[in-house]
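Q: Hi! Could you walk me through this model, one bit at a time?
A: Happy to, here it comes.

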Amino acid sequence: MNTPLLRNLAEHANQLPPKDLEKLDYLIQKTRMYTNQIYGSESSYHKTLDSIKFFPSNYYQRSYDISWETGCDKLKNLIDVMEEENSIIEKAREKEENKFEELSKIKNLNKKVKQRITKMFQKFSKSIWNNVLRKIITIALELT
């Protein structure tokens, strides 16, 4: 259910143009929103997302390029891990739903079996009761 959303997020991360701050901000906000919706506001993914840096704390030659690339790689990895975890959760949920459906089928089958047995018993009881009544009537008629 959420896997396609995360996959779409990963595609956006893979297509992020170098040093496009507007698209980076959008991607981070969207990642934060999905994290809240899927994993909750207390998820450790928030700390990981907050720890990703796209700009250097110290300047040296190519530091901006290296920081940007490293930040993008970490963001992509985070999204990949979120997608993988979500896929595992969805598969487990699907298995549970299948088990529930099977139990429901068994319960419905049990209801049908009980209904059939009850009908058969009622017919059988009526048949026995009718035989008993016939015998009583026959005996009563013989006595008169």
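Q: Is Thr-3 buried or exposed?
A: Thr-3 is buried, at a relative accessible area of 8%; buried means under 20%, exposed over 50% and partly exposed in between, with a 1.4 Å probe and protein chains only. One caution: this is a predicted model, where local features need pLDDT of at least 70, side-chain atom pairs count only at pLDDT 80 or more, and totals for chains, interfaces and linings use all residues. Residues are numbered from 1 along each chain as its sequence is written, and side-chain values use heavy atoms, leaving out hydrogens and water.

Q: What does Thr-3 touch?
A: Leaving aside residues up to four places away in sequence, Thr-3 touches Glu-83, Asn-86, Ser-87 and Glu-90. Contact means heavy atoms within 4.5 Å.

Q: Which helix does Thr-3 lie in?
A: Thr-3 lies in α1, residues 3-14. Helices are DSSP runs (H or I, at least four residues), numbered from the N terminus.

Q: Which residues of α1 are buried?
A: Thr-3, Leu-6, Leu-9, Ala-10 and Ala-13 are buried in α1. They cover an arc of only 120° around the axis, so they sit on the same side of α1; the arc is that of the directions from the helix axis to the C-beta atoms.

Q: New topic: how many residues has the largest nonpolar core?
A: That core has 20 residues, and Phe-54 and Leu-75 have the most contacts inside it. Such a core is a set of buried Ala, Val, Leu, Ile, Met, Phe, Trp, Tyr and Cys residues joined through side-chain atoms within 4.5 Å.

Notes: Helix = DSSP H or I, 4+ residues; strand = E, 2+ residues; numbered from the N terminus.
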